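Dear colleague,

Please find below the structure that I am handing over to you, together with its sequence. The notes that follow set out what was found in it.

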Amino acid sequence: MAAVRLLRTWSRNAGQLICVRYFQICSNVHVLKPNYVCFFGYPLFKYSHPHLFLKTTAALRGQVVQFKLSDIGEGIREVTVKEWYVKEGDTVSQFDSICEVQSDKASVTITSRYDGVIKKLYYNLDDIAYVGKPLVDIETEALKDSEEDVVETPAVSHDEHTHQEIKGRKTLATPAVRRLAMENNIKLSEVVGSGKDGRILKEDILNYLEKQTGAILPPSPKAEIMPPPPKPKDMTIPIPVSKPPVFTGKDKTEPIKGFQKAMVKTMSAALKIPHFGYCDEVDLTELVKLREELKPIAFARGIKLSFMPFFLKAASLGLLQFPILNASVDENCQNITYKASHNIGIAMDTEQGLIVPNVKNVQICSIFEIATELNRLQKLGSLGQLSTTDLTGGTFTLSNIGSIGGTYAKPVILPPEVAIGAIGSIKAIPRFNQKGEVYKAHVMNVSWSADHRVIDGATMSRFSNLWKSYLENPAFMLLDLK
(Lines give C-alpha, C1' and ligand atoms only; values in the text may rest on other atoms or scores of the structure.)
Protein backbone atom coordinates (compact mmCIF):
# COMPACT_ATOMS: atom_id res chain seq x y z
CA MET A 1 0.00 0.00 0.00
CA ALA A 2 2.84 2.40 0.77
CA ALA A 3 4.35 1.68 -2.64
CA VAL A 4 1.01 2.34 -4.36
CA ARG A 5 0.62 5.68 -2.54
CA LEU A 6 4.15 6.64 -3.54
CA LEU A 7 3.47 5.83 -7.21
CA ARG A 8 0.17 7.77 -7.18
CA THR A 9 1.93 10.84 -5.77
CA TRP A 10 4.72 10.58 -8.36
CA SER A 11 2.19 10.22 -11.21
CA ARG A 12 0.45 13.48 -10.29
CA ASN A 13 3.78 15.33 -10.34
CA ALA A 14 5.20 13.71 -13.44
CA GLY A 15 2.12 14.16 -15.66
CA GLN A 16 0.61 11.40 -17.71
CA LEU A 17 2.01 7.92 -17.02
CA ILE A 18 0.59 5.08 -19.03
CA CYS A 19 0.74 1.42 -18.08
CA VAL A 20 0.26 -0.84 -21.05
CA ARG A 21 -0.23 -4.56 -20.90
CA TYR A 22 0.34 -5.24 -24.55
CA PHE A 23 1.75 -3.15 -27.38
CA GLN A 24 3.11 -3.52 -30.89
CA ILE A 25 5.88 -1.46 -32.58
CA CYS A 26 5.42 -0.51 -36.27
CA SER A 27 8.21 0.46 -38.64
CA ASN A 28 7.50 4.20 -38.95
CA VAL A 29 5.48 5.18 -35.88
CA HIS A 30 5.35 3.73 -32.35
CA VAL A 31 1.78 2.49 -32.01
CA LEU A 32 0.31 1.22 -28.75
CA LYS A 33 -2.59 -1.20 -29.00
CA PRO A 34 -3.64 -1.81 -25.41
CA ASN A 35 -6.24 -4.26 -24.13
CA TYR A 36 -6.03 -2.70 -20.67
CA VAL A 37 -4.82 0.83 -19.98
CA CYS A 38 -4.55 2.29 -16.50
CA PHE A 39 -3.52 5.68 -15.19
CA PHE A 40 -2.03 5.64 -11.70
CA GLY A 41 -4.54 7.05 -9.27
CA TYR A 42 -7.49 6.38 -11.64
CA PRO A 43 -9.80 3.39 -12.22
CA LEU A 44 -8.95 0.72 -14.75
CA PHE A 45 -10.51 1.11 -18.23
CA LYS A 46 -11.06 -1.71 -20.70
CA TYR A 47 -11.36 -1.07 -24.46
CA SER A 48 -13.33 -3.39 -26.73
CA HIS A 49 -11.11 -2.60 -29.72
CA PRO A 50 -7.49 -1.41 -30.14
CA HIS A 51 -6.85 2.36 -30.01
CA LEU A 52 -3.88 4.11 -31.56
CA PHE A 53 -1.63 6.33 -29.48
CA LEU A 54 1.54 8.17 -30.46
CA LYS A 55 4.38 8.78 -28.06
CA THR A 56 4.05 12.29 -26.57
CA THR A 57 7.20 12.57 -24.46
CA ALA A 58 8.97 14.83 -26.98
CA ALA A 59 5.80 16.86 -27.60
CA LEU A 60 5.51 17.77 -23.93
CA ARG A 61 8.92 19.39 -24.12
CA GLY A 62 8.19 21.20 -27.43
CA GLN A 63 8.73 19.49 -30.79
CA VAL A 64 9.92 20.83 -34.15
CA VAL A 65 7.35 19.98 -36.85
CA GLN A 66 8.01 20.21 -40.56
CA PHE A 67 5.10 22.19 -42.03
CA LYS A 68 4.72 20.84 -45.59
CA LEU A 69 3.00 22.36 -48.62
CA SER A 70 -0.16 20.36 -49.23
CA ASP A 71 -1.88 19.66 -52.52
CA ILE A 72 -3.53 22.86 -53.78
CA GLY A 73 -5.59 21.12 -56.45
CA GLU A 74 -5.96 21.65 -60.21
CA GLY A 75 -2.94 19.36 -60.73
CA ILE A 76 -0.55 22.02 -59.42
CA ARG A 77 2.80 20.56 -58.33
CA GLU A 78 4.87 23.73 -57.80
CA VAL A 79 4.26 27.33 -56.75
CA THR A 80 6.25 30.56 -56.39
CA VAL A 81 6.70 32.09 -52.92
CA LYS A 82 5.52 35.69 -53.32
CA GLU A 83 5.48 36.95 -49.72
CA TRP A 84 6.38 35.76 -46.23
CA TYR A 85 4.16 36.91 -43.37
CA VAL A 86 6.49 35.45 -40.72
CA LYS A 87 10.22 35.27 -40.03
CA GLU A 88 12.41 32.98 -37.96
CA GLY A 89 11.70 33.44 -34.26
CA ASP A 90 8.10 34.66 -34.74
CA THR A 91 5.31 33.15 -32.65
CA VAL A 92 2.30 31.92 -34.62
CA SER A 93 -1.11 30.57 -33.72
CA GLN A 94 -3.50 28.34 -35.61
CA PHE A 95 -4.94 30.00 -38.76
CA ASP A 96 -2.25 32.73 -38.77
CA SER A 97 -0.92 33.51 -42.24
CA ILE A 98 2.43 31.89 -43.03
CA CYS A 99 3.05 32.96 -46.62
CA GLU A 100 1.44 33.73 -49.96
CA VAL A 101 2.26 31.58 -52.95
CA GLN A 102 1.29 31.89 -56.59
CA SER A 103 0.61 29.12 -59.04
CA ASP A 104 0.02 29.50 -62.76
CA LYS A 105 -3.69 29.88 -62.01
CA ALA A 106 -4.20 31.96 -58.84
CA SER A 107 -2.71 33.26 -55.60
CA VAL A 108 -3.00 31.07 -52.48
CA THR A 109 -2.44 32.00 -48.83
CA ILE A 110 -1.00 29.28 -46.58
CA THR A 111 -2.05 29.33 -42.91
CA SER A 112 -0.61 27.65 -39.82
CA ARG A 113 -2.17 24.59 -38.22
CA TYR A 114 -0.01 24.76 -35.12
CA ASP A 115 0.68 27.06 -32.18
CA GLY A 116 4.41 27.56 -31.83
CA VAL A 117 7.59 29.36 -32.88
CA ILE A 118 8.97 29.58 -36.45
CA LYS A 119 12.42 27.92 -36.42
CA LYS A 120 13.31 27.83 -40.13
CA LEU A 121 12.12 29.16 -43.50
CA TYR A 122 12.96 26.80 -46.36
CA TYR A 123 12.52 29.30 -49.23
CA ASN A 124 13.34 32.89 -50.13
CA LEU A 125 11.03 35.22 -52.02
CA ASP A 126 10.39 34.16 -55.63
CA ASP A 127 11.76 30.65 -54.96
CA ILE A 128 9.89 27.63 -56.35
CA ALA A 129 8.19 25.53 -53.64
CA TYR A 130 7.03 21.99 -54.36
CA VAL A 131 3.93 20.17 -53.09
CA GLY A 132 4.81 17.74 -50.32
CA LYS A 133 8.06 19.51 -49.41
CA PRO A 134 8.58 21.48 -46.15
CA LEU A 135 7.80 25.20 -46.08
CA VAL A 136 8.80 26.01 -42.50
CA ASP A 137 9.82 24.32 -39.27
CA ILE A 138 7.59 25.14 -36.28
CA GLU A 139 8.54 24.37 -32.68
CA THR A 140 5.16 23.46 -31.29
CA GLU A 141 3.82 23.61 -27.79
CA ALA A 142 2.49 20.44 -26.12
CA LEU A 143 0.32 18.77 -28.75
CA LYS A 144 -3.25 18.06 -27.81
CA ASP A 145 -3.47 14.65 -29.43
CA SER A 146 -1.16 12.14 -31.00
CA GLU A 147 -2.11 12.71 -34.60
CA GLU A 148 -0.78 16.29 -34.70
CA ASP A 149 2.61 15.13 -36.04
CA VAL A 150 1.26 13.22 -39.01
CA VAL A 151 -1.58 15.41 -40.29
CA GLU A 152 -0.61 18.01 -42.86
CA THR A 153 -2.19 21.45 -43.12
CA PRO A 154 -4.42 21.83 -46.15
CA ALA A 155 -3.72 24.80 -48.40
CA VAL A 156 -6.40 27.49 -48.39
CA SER A 157 -7.14 29.37 -51.63
CA HIS A 158 -7.09 33.15 -51.52
CA ASP A 159 -10.85 33.61 -51.69
CA GLU A 160 -11.34 31.05 -48.90
CA HIS A 161 -8.62 32.59 -46.74
CA THR A 162 -10.20 36.02 -46.73
CA HIS A 163 -13.28 34.48 -45.09
CA GLN A 164 -11.53 32.31 -42.52
CA GLU A 165 -13.05 32.17 -39.08
CA ILE A 166 -10.61 33.02 -36.29
CA LYS A 167 -11.87 32.51 -32.76
CA GLY A 168 -15.50 32.54 -33.83
CA ARG A 169 -15.46 35.54 -36.15
CA LYS A 170 -14.33 36.29 -39.67
CA THR A 171 -11.34 38.40 -40.58
CA LEU A 172 -10.91 39.97 -44.01
CA ALA A 173 -7.70 41.77 -44.91
CA THR A 174 -5.35 42.20 -47.85
CA PRO A 175 -1.77 40.86 -47.72
CA ALA A 176 -0.44 44.42 -47.31
CA VAL A 177 -2.63 44.98 -44.23
CA ARG A 178 -1.59 41.61 -42.77
CA ARG A 179 2.06 42.51 -43.28
CA LEU A 180 1.56 45.86 -41.50
CA ALA A 181 -0.10 44.04 -38.60
CA MET A 182 2.72 41.49 -38.43
CA GLU A 183 5.43 44.19 -38.39
CA ASN A 184 3.72 45.86 -35.40
CA ASN A 185 2.93 42.57 -33.57
CA ILE A 186 -0.83 43.12 -33.86
CA LYS A 187 -3.27 40.20 -33.95
CA LEU A 188 -5.95 40.73 -36.60
CA SER A 189 -8.50 39.01 -34.39
CA GLU A 190 -8.25 41.97 -31.98
CA VAL A 191 -8.84 44.66 -34.62
CA VAL A 192 -12.34 45.79 -35.63
CA GLY A 193 -12.57 46.30 -39.40
CA SER A 194 -14.36 49.32 -40.83
CA GLY A 195 -14.43 48.12 -44.44
CA LYS A 196 -17.12 46.28 -46.33
CA ASP A 197 -18.27 43.07 -44.55
CA GLY A 198 -15.91 43.93 -41.68
CA ARG A 199 -12.77 44.04 -43.85
CA ILE A 200 -9.76 45.32 -41.92
CA LEU A 201 -8.20 48.33 -43.63
CA LYS A 202 -4.82 49.97 -43.21
CA GLU A 203 -6.48 52.81 -41.28
CA ASP A 204 -7.91 50.29 -38.77
CA ILE A 205 -4.39 49.00 -38.01
CA LEU A 206 -3.03 52.56 -37.59
CA ASN A 207 -5.94 53.53 -35.31
CA TYR A 208 -5.45 50.40 -33.22
CA LEU A 209 -1.73 51.09 -32.93
CA GLU A 210 -2.43 54.70 -31.88
CA LYS A 211 -4.82 53.57 -29.14
CA GLN A 212 -2.36 50.99 -27.83
CA THR A 213 0.79 53.13 -27.84
CA GLY A 214 -0.54 56.68 -28.03
CA ALA A 215 1.81 57.29 -30.96
CA ILE A 216 0.97 58.17 -34.53
CA LEU A 217 3.16 56.80 -37.31
CA PRO A 218 5.07 59.71 -38.81
CA PRO A 219 4.39 60.51 -42.44
CA SER A 220 7.13 59.88 -44.92
CA PRO A 221 9.27 62.98 -45.39
CA LYS A 222 8.84 64.84 -48.65
CA ALA A 223 11.81 66.23 -50.47
CA GLU A 224 11.84 70.00 -50.66
CA ILE A 225 12.27 71.50 -54.07
CA MET A 226 15.16 73.94 -53.93
CA PRO A 227 15.28 76.64 -56.62
CA PRO A 228 18.51 76.75 -58.62
CA PRO A 229 20.97 79.45 -57.55
CA PRO A 230 20.96 82.59 -59.67
CA LYS A 231 23.45 82.50 -62.51
CA PRO A 232 25.92 85.42 -62.55
CA LYS A 233 25.84 87.38 -65.76
CA ASP A 234 29.60 87.43 -66.13
CA MET A 235 30.06 83.72 -65.44
CA THR A 236 31.52 81.81 -68.36
CA ILE A 237 30.15 78.34 -69.00
CA PRO A 238 32.99 75.86 -69.52
CA ILE A 239 32.81 73.64 -72.55
CA PRO A 240 32.55 70.02 -71.37
CA VAL A 241 35.09 67.56 -72.65
CA SER A 242 33.20 64.80 -74.44
CA LYS A 243 34.01 61.30 -73.28
CA PRO A 244 32.63 58.10 -74.70
CA PRO A 245 29.91 56.71 -72.40
CA VAL A 246 30.81 53.62 -70.46
CA PHE A 247 27.98 51.12 -70.03
CA THR A 248 28.38 48.68 -67.12
CA GLY A 249 25.04 46.88 -67.28
CA LYS A 250 24.88 43.10 -67.47
CA ASP A 251 22.35 40.71 -68.98
CA LYS A 252 20.08 38.95 -66.51
CA THR A 253 18.50 35.53 -66.94
CA GLU A 254 15.56 34.45 -64.82
CA PRO A 255 13.10 31.53 -65.04
CA ILE A 256 9.62 31.93 -66.49
CA LYS A 257 7.09 31.41 -63.73
CA GLY A 258 3.65 32.39 -62.46
CA PHE A 259 1.12 33.63 -65.00
CA GLN A 260 3.81 33.90 -67.67
CA LYS A 261 4.43 30.17 -67.38
CA ALA A 262 0.71 29.53 -67.88
CA MET A 263 0.73 31.84 -70.93
CA VAL A 264 3.57 29.83 -72.50
CA LYS A 265 1.56 26.64 -72.17
CA THR A 266 -1.72 28.15 -73.41
CA MET A 267 -0.27 30.03 -76.37
CA SER A 268 1.78 27.04 -77.49
CA ALA A 269 -1.44 25.04 -77.71
CA ALA A 270 -3.26 27.96 -79.41
CA LEU A 271 -0.76 28.14 -82.27
CA LYS A 272 -1.84 24.65 -83.34
CA ILE A 273 -5.29 26.07 -84.20
CA PRO A 274 -5.88 27.38 -87.77
CA HIS A 275 -7.10 30.95 -87.14
CA PHE A 276 -9.60 32.72 -89.35
CA GLY A 277 -9.59 36.55 -89.07
CA TYR A 278 -12.42 39.02 -89.65
CA CYS A 279 -12.46 42.80 -89.02
CA ASP A 280 -15.14 45.48 -89.10
CA GLU A 281 -15.91 48.94 -87.70
CA VAL A 282 -18.83 49.88 -85.46
CA ASP A 283 -20.50 53.30 -85.17
CA LEU A 284 -21.09 53.76 -81.43
CA THR A 285 -22.57 57.26 -81.60
CA GLU A 286 -25.97 56.22 -80.20
CA LEU A 287 -24.39 53.99 -77.56
CA VAL A 288 -22.16 56.86 -76.39
CA LYS A 289 -25.27 59.01 -75.85
CA LEU A 290 -27.07 56.20 -73.99
CA ARG A 291 -24.11 55.55 -71.71
CA GLU A 292 -23.87 59.25 -70.80
CA GLU A 293 -27.51 59.13 -69.72
CA LEU A 294 -27.06 55.95 -67.65
CA LYS A 295 -23.74 56.82 -65.98
CA PRO A 296 -25.30 59.02 -63.23
CA ILE A 297 -27.87 56.31 -62.46
CA ALA A 298 -25.18 53.64 -62.27
CA PHE A 299 -22.99 55.90 -60.12
CA ALA A 300 -25.88 56.37 -57.69
CA ARG A 301 -25.98 52.57 -57.35
CA GLY A 302 -22.24 52.45 -56.70
CA ILE A 303 -21.38 51.05 -60.15
CA LYS A 304 -18.82 52.35 -62.63
CA LEU A 305 -20.50 51.91 -66.02
CA SER A 306 -18.13 51.43 -68.97
CA PHE A 307 -18.83 50.24 -72.52
CA MET A 308 -17.78 46.65 -71.76
CA PRO A 309 -21.12 45.57 -70.17
CA PHE A 310 -22.87 46.54 -73.42
CA PHE A 311 -20.26 44.69 -75.49
CA LEU A 312 -20.65 41.53 -73.37
CA LYS A 313 -24.45 41.59 -73.41
CA ALA A 314 -24.56 42.15 -77.18
CA ALA A 315 -22.12 39.23 -77.63
CA SER A 316 -24.31 36.99 -75.47
CA LEU A 317 -27.40 37.84 -77.54
CA GLY A 318 -25.40 37.00 -80.67
CA LEU A 319 -24.23 33.69 -79.20
CA LEU A 320 -27.88 32.67 -78.70
CA GLN A 321 -28.29 32.88 -82.49
CA PHE A 322 -24.88 31.33 -83.30
CA PRO A 323 -24.22 28.77 -80.52
CA ILE A 324 -21.28 27.19 -82.36
CA LEU A 325 -19.20 30.24 -81.36
CA ASN A 326 -19.88 29.38 -77.69
CA ALA A 327 -18.53 25.86 -78.01
CA SER A 328 -15.35 23.90 -77.35
CA VAL A 329 -13.55 21.07 -79.13
CA ASP A 330 -11.46 18.25 -77.74
CA GLU A 331 -7.72 18.02 -78.28
CA ASN A 332 -8.01 15.91 -81.44
CA CYS A 333 -10.98 17.94 -82.75
CA GLN A 334 -13.20 14.86 -82.91
CA ASN A 335 -16.04 16.17 -80.73
CA ILE A 336 -17.62 19.60 -80.24
CA THR A 337 -19.44 20.62 -77.05
CA TYR A 338 -22.03 23.41 -77.13
CA LYS A 339 -21.86 25.32 -73.85
CA ALA A 340 -25.14 26.24 -72.14
CA SER A 341 -23.62 29.09 -70.10
CA HIS A 342 -22.14 32.22 -71.63
CA ASN A 343 -19.03 32.67 -69.46
CA ILE A 344 -17.40 35.52 -71.37
CA GLY A 345 -13.76 36.16 -70.53
CA ILE A 346 -12.18 39.61 -70.33
CA ALA A 347 -8.45 39.87 -71.05
CA MET A 348 -6.73 42.02 -68.39
CA ASP A 349 -3.24 43.47 -68.30
CA THR A 350 -1.89 43.28 -64.73
CA GLU A 351 1.48 43.55 -63.00
CA GLN A 352 1.60 39.74 -62.89
CA GLY A 353 0.99 39.50 -66.66
CA LEU A 354 -1.97 38.69 -68.90
CA ILE A 355 -4.95 37.11 -67.10
CA VAL A 356 -8.42 36.30 -68.43
CA PRO A 357 -11.13 36.16 -65.75
CA ASN A 358 -14.69 35.64 -66.96
CA VAL A 359 -18.17 36.88 -66.16
CA LYS A 360 -20.38 33.87 -65.46
CA ASN A 361 -23.81 33.34 -67.09
CA VAL A 362 -23.97 36.60 -69.04
CA GLN A 363 -27.10 35.29 -70.80
CA ILE A 364 -29.18 35.77 -67.62
CA CYS A 365 -27.52 38.97 -66.34
CA SER A 366 -28.66 42.56 -66.81
CA ILE A 367 -26.36 45.37 -67.93
CA PHE A 368 -26.00 46.58 -64.34
CA GLU A 369 -25.27 43.07 -63.03
CA ILE A 370 -22.56 42.61 -65.66
CA ALA A 371 -21.07 46.01 -64.74
CA THR A 372 -21.05 45.06 -61.04
CA GLU A 373 -19.21 41.80 -61.73
CA LEU A 374 -16.70 43.56 -64.00
CA ASN A 375 -15.95 46.09 -61.24
CA ARG A 376 -15.27 43.19 -58.83
CA LEU A 377 -13.00 41.32 -61.25
CA GLN A 378 -11.03 44.46 -62.14
CA LYS A 379 -10.47 45.29 -58.48
CA LEU A 380 -9.28 41.78 -57.59
CA GLY A 381 -7.16 41.61 -60.73
CA SER A 382 -5.29 44.80 -59.85
CA LEU A 383 -4.57 43.36 -56.39
CA GLY A 384 -3.55 39.94 -57.74
CA GLN A 385 -6.31 38.24 -55.72
CA LEU A 386 -8.41 36.55 -58.41
CA SER A 387 -9.48 33.05 -57.46
CA THR A 388 -9.25 29.91 -59.56
CA THR A 389 -13.03 30.03 -60.09
CA ASP A 390 -12.75 33.51 -61.61
CA LEU A 391 -10.04 32.38 -64.02
CA THR A 392 -11.52 29.09 -65.27
CA GLY A 393 -14.63 27.97 -67.14
CA GLY A 394 -14.59 30.57 -69.93
CA THR A 395 -16.53 29.84 -73.15
CA PHE A 396 -15.92 33.02 -75.23
CA THR A 397 -13.47 35.91 -74.89
CA LEU A 398 -13.31 39.65 -75.59
CA SER A 399 -10.03 41.57 -75.34
CA ASN A 400 -10.31 45.33 -74.83
CA ILE A 401 -6.94 46.26 -76.32
CA GLY A 402 -8.32 49.71 -77.10
CA SER A 403 -8.13 50.72 -73.44
CA ILE A 404 -4.34 50.81 -73.90
CA GLY A 405 -4.26 51.94 -77.52
CA GLY A 406 -4.44 50.65 -81.03
CA THR A 407 -7.09 50.16 -83.68
CA TYR A 408 -6.62 46.63 -84.99
CA ALA A 409 -5.32 43.41 -83.46
CA LYS A 410 -4.93 39.74 -84.27
CA PRO A 411 -6.27 37.98 -81.16
CA VAL A 412 -5.19 34.42 -80.37
CA ILE A 413 -7.85 31.88 -79.39
CA LEU A 414 -7.71 30.45 -75.87
CA PRO A 415 -8.12 26.65 -76.14
CA PRO A 416 -10.52 24.90 -75.86
CA GLU A 417 -12.61 27.93 -76.95
CA VAL A 418 -13.26 28.46 -80.65
CA ALA A 419 -13.59 32.27 -81.01
CA ILE A 420 -12.25 35.53 -79.58
CA GLY A 421 -12.70 39.24 -80.31
CA ALA A 422 -10.34 42.21 -79.88
CA ILE A 423 -11.88 45.66 -79.43
CA GLY A 424 -9.99 48.76 -80.56
CA SER A 425 -10.14 52.29 -79.21
CA ILE A 426 -13.15 54.55 -79.82
CA LYS A 427 -12.30 57.55 -82.00
CA ALA A 428 -14.32 60.61 -82.97
CA ILE A 429 -14.14 61.04 -86.76
CA PRO A 430 -16.30 62.80 -89.40
CA ARG A 431 -18.97 60.72 -91.16
CA PHE A 432 -21.79 61.34 -93.62
CA ASN A 433 -25.39 60.63 -92.67
CA GLN A 434 -28.13 59.50 -95.05
CA LYS A 435 -28.76 63.10 -96.11
CA GLY A 436 -25.12 63.64 -97.04
CA GLU A 437 -24.46 65.83 -94.00
CA VAL A 438 -21.22 65.56 -92.05
CA TYR A 439 -21.59 64.68 -88.38
CA LYS A 440 -19.29 63.67 -85.52
CA ALA A 441 -19.27 59.88 -85.23
CA HIS A 442 -17.72 57.69 -82.54
CA VAL A 443 -16.22 54.72 -84.40
CA MET A 444 -14.61 51.57 -83.00
CA ASN A 445 -12.89 48.73 -84.82
CA VAL A 446 -13.26 45.07 -83.87
CA SER A 447 -11.08 42.13 -84.91
CA TRP A 448 -12.37 38.55 -84.64
CA SER A 449 -10.48 35.25 -84.70
CA ALA A 450 -12.22 31.88 -85.07
CA ASP A 451 -11.17 28.23 -85.22
CA HIS A 452 -11.42 27.55 -88.95
CA ARG A 453 -11.71 23.81 -88.34
CA VAL A 454 -15.30 24.20 -87.06
CA ILE A 455 -16.30 27.80 -87.96
CA ASP A 456 -16.54 29.16 -91.48
CA GLY A 457 -16.20 32.78 -92.57
CA ALA A 458 -19.91 33.29 -93.25
CA THR A 459 -20.86 32.32 -89.70
CA MET A 460 -18.30 34.68 -88.18
CA SER A 461 -19.46 37.50 -90.47
CA ARG A 462 -23.16 37.04 -89.62
CA PHE A 463 -22.40 36.98 -85.90
CA SER A 464 -20.32 40.15 -86.20
CA ASN A 465 -23.11 41.92 -88.12
CA LEU A 466 -25.67 41.00 -85.44
CA TRP A 467 -23.35 42.13 -82.62
CA LYS A 468 -22.69 45.35 -84.52
CA SER A 469 -26.43 46.06 -85.00
CA TYR A 470 -27.08 45.76 -81.26
CA LEU A 471 -24.35 48.32 -80.49
CA GLU A 472 -25.21 50.77 -83.27
CA ASN A 473 -28.91 50.65 -82.30
CA PRO A 474 -29.02 49.89 -78.53
CA ALA A 475 -32.83 49.90 -78.57
CA PHE A 476 -32.72 46.71 -80.67
CA MET A 477 -31.34 44.83 -77.66
CA LEU A 478 -34.65 45.45 -75.82
CA LEU A 479 -36.40 43.21 -78.33
CA ASP A 480 -34.24 40.17 -77.45
CA LEU A 481 -33.56 40.77 -73.74
CA LYS A 482 -35.09 38.17 -71.44
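I begin with P134, which is placed in strand β13 (residues 134-140). Helices (H or I, at least four residues) and strands (E, at least two) are DSSP runs, numbered from the N terminus. P134 counts as buried because its relative accessibility is 16%; buried means under 20% relative accessible area, exposed over 50%, and partly exposed in between (1.4 Å probe, protein chains only). The C-alpha atoms of P134 and S70 are separated by 9.3 Å, and the two residues are 64 apart along the chain.

The model is predicted: local features need pLDDT of at least 70, side-chain atom pairs count only at pLDDT 80 or more, and totals for chains, interfaces and linings use all residues. Residues are numbered from 1 along each chain as its sequence is written, and side-chain values use heavy atoms, with hydrogens and water left out.

The largest pocket

The largest pocket holds about 1300 Å³ of space. Of the 45 residues that line the largest pocket, K105, A262, K265, T266 and P415 are the closest to its centre. Two or more lining residues come from each of β7 (78-84), α6 (259-270) and β21 (353-355). Helix α6 gives the most to this lining, with eight residues. By class, the lining has 19 nonpolar, twelve polar and 14 charged residues. Ala, Val, Leu, Ile, Met, Phe, Trp, Tyr, Cys and Pro count here as nonpolar, Asp, Glu, Lys and Arg as charged, and the others, Gly among them, as polar. The largest pocket lies between domain 1 (63-140) and domain 3 (274-480), because both give residues to its lining; the domain bounds come from an automatic or database domain assignment.

For the terms, a 1 Å grid over the protein atoms alone is used: a cavity is a set of points where a 1.4 Å probe fits but cannot get out, a pocket is an open set with protein on both sides within 12 Å along at least five of seven lines, and lining residues have an atom within 4 Å of a point. Grid points are joined across faces, edges and corners, and a volume is the space filled by probe spheres set on the points.

Cavities

A search of the whole structure finds two cavities of 30 Å³ or more. The largest cavity has about 40 Å³ of space. Its lining is made up of S107, F259, Q352, I355, G381, G384, Q385, L386 and L391. By class, four of these are nonpolar, five are polar and none is charged.

Aromatic pairs and charges over rings

Seven aromatic pairs are found in the whole structure. Rings of Phe, Tyr and Trp (its six-membered ring) pair if their centres lie within 6.5 Å; planes under 30 degrees apart count as stacked, over 60 as edge-to-face and the rest as tilted. The pair of F311 and W467 is tilted, because the ring centres are 6.0 Å apart and the planes stand at 55°. F311 lies in helix α8 (residues 308-321) and W467 in helix α11 (residues 457-472), so this pair ties together parts that are 156 residues apart in sequence. F311 is buried at 3% relative accessibility, and W467 is buried at 0%.

The rings of F322 and F463 have centres 6.4 Å apart and planes at 90°, so this pair is edge-to-face. F322 lies in the loop between α8 and β18 (327-329) and F463 in helix α11, so the pair ties together parts 141 residues apart in sequence. F322 counts as buried at 19% relative accessibility, as does F463 at 0%. Ring pairs link F307, F311, F322, F396, W448, F463 and W467 into a cluster.

R291 lies over the face of F307, at 4.5 Å from the ring centre. The charged end of R301 sits over the ring of F368, 4.3 Å from its centre. A charge sits over a ring if NZ of Lys or CZ of Arg is within 6 Å of the ring centre and within 35 degrees of the ring normal.

Backbone features

Most residues other than glycine have a negative phi, and most peptide bonds are trans. A cis peptide bond joins P415 and P416, with omega about 5°; P416 is in the loop between β23 (396-399) and β24 (419-432). C333 has a positive phi near 55° and is partly exposed, with a relative accessible area of 24%.

Yours sincerely
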